[in-house]
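Here are a few exercises to work through with the model open on your screen. Try each task before you read the solution below it.

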Amino acid sequence: VVTHPITGKQITIGVENQIVENLKQTLELLEAEGCDFVVMPMANLKYRKELENPQRMNPLAKAKTIQQLHPFCRSESELAPNEWAAGVIGRINPWINLDSDSNAMRVISEASV
C-alpha cells in the first residue's frame with residue numbers, strides 16, 4: 001500500500017500496457033511491484049493487423065466460429081469477478097476509428113467495440 005506523504009491517504013497506482021499476453025501473471029507482477037491495476041486495450045490486436053495489410057480479407061468474412069468473430073479474446077474465467085473489477089481497466093484501442101472514410105476500417109472498428 002502506498003500512502004500520500006502528507007495526508008496519509010492511500011494512493012492507487014496503475015500501469016498502462018499496450019499488450020497483455022498473460023493477464024493473471026501481469027496482475028501478479030504488478031501487485032508485487034506495488035501497483036493496484038492494469039489499463040489495457042480490450043479489443044484483440046488481430047483486428048489492427050488486418051487494418052495494416054489492406055490486401056488481407058476482412059476478418060469478419062474469414063471467421064468460421066463465433067470466437068474468431070469476437071474481438072474480446074479474454075475468457076471471463078481468466079480472473080475471478082472481483083479481480084476483473086479491481087484489477088483491470090479496459091480502454092478503447094487507439095487504432096479504432098468509427099468515423100473513418102474507409103469502409104473496411106469502419107467495419108473492423110465497429111466490430112471491435
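**Exercise 1. Find the partner of Arg-91 in a salt bridge, and work out which parts of the chain the pair ties together.**

Solution. Keep in mind that this is a predicted model.

Step 1: look around the side chain of Arg-91. Its salt-bridge partner is Glu-16, and the closest N and O atoms sit 2.7 Å apart. The cut-off for a salt bridge is 4 Å, so this pair passes.

Step 2: Arg-91 belongs to strand S5 and Glu-16 to strand S3, so the bridge ties together parts that lie 75 residues apart in sequence.

Step 3: check the burial. Arg-91 has 18% relative accessibility and counts as buried, because buried means under 20%. Glu-16, with a relative accessible area of 48%, is partly exposed.

**Exercise 2. The structure holds two salt bridges. Track down the one made by Lys-24 and say which helices it links.**

Solution. Step 1: the side chain of Lys-24 meets that of Glu-83, with 2.7 Å from N to O.

Step 1: Lys-24 is in helix H1 and Glu-83 in helix H5 (residues 81–87), so the bridge links distant parts of the chain, 59 residues apart.

Step 2: now the accessibility. Lys-24 comes out at 32%, which counts as partly exposed. Glu-83 is partly exposed too, at 26%.

As background, side chains of opposite charge can pair when their charged atoms come close.

**Exercise 3. Work out the strand order of the open sheet that three strands form, and say which strands are at its edges.**

Solution. Step 1: read across the sheet. The order is S3-S4-S5, with parallel pairing.

Step 1: look for strands that pair on one side only. Those are S3 (14–16) and S5 (88–91), the edge strands.

Step 2: check the angle. Neighbouring strands here are turned by 20° against each other on average, ignoring direction.

Step 3: zoom in on one pairing. S3 and S4 are joined over three bridges in the parallel sense, and Val-15 stands opposite Val-38 in S4.

Step 4: H1 lies across S3, S4 and S5, and runs at about 140° to S4.

**Exercise 4. Is Phe-37 buried or exposed, and which residues is it in contact with?**

Solution. Step 1: find Phe-37 in strand S4.

Step 1: apply the cut-off. With a relative accessibility of 17%, Phe-37 counts as buried.

Step 2: list the contacts, skipping neighbours within four places in sequence. Among them are Ile-13, Gly-14 and Val-15, along with Leu-30, Gly-87 and Ile-89.

Step 3: Phe-37 and Val-88 are 51 residues apart in sequence, yet their C-alpha atoms are 5.6 Å apart in space.

**Exercise 5. Pick out the residues of the largest nonpolar core and say which element gives the largest share.**

Solution. Step 1: collect the nine residues. They are Val-20, Leu-23, Leu-27, Leu-30, Cys-35, Val-38, Met-40, Leu-79 and Val-88.

Step 1: sort them by element. Helix H1 (23–32) and strand S4 (37–41) are the elements that give two or more residues.

Step 2: H1 has the largest one, with three residues.

Step 3: Buried residues make up 25% of its 113 residues.

Methods. Residues are numbered from 1 along each chain as its sequence is written. This is a predicted model: local features need pLDDT of at least 70, side-chain atom pairs count only at pLDDT 80 or more; totals for chains, interfaces and linings use all residues. Side-chain values use heavy atoms; hydrogens and water are left out. Buried means under 20% relative accessible area, exposed over 50%, partly exposed in between (1.4 Å probe, protein chains only). A nonpolar core is a set of buried Ala, Val, Leu, Ile, Met, Phe, Trp, Tyr and Cys residues joined through side-chain atoms within 4.5 Å. Helices (H or I, at least four residues) and strands (E, at least two) are DSSP runs, numbered from the N terminus. Two strands pair if DSSP finds at least two bridges between them. Axes are lines fitted to C-alpha atoms, for helices over the stretch in contact, and angles run from 0 to 180 degrees between N-to-C directions. Contact means heavy atoms within 4.5 Å.
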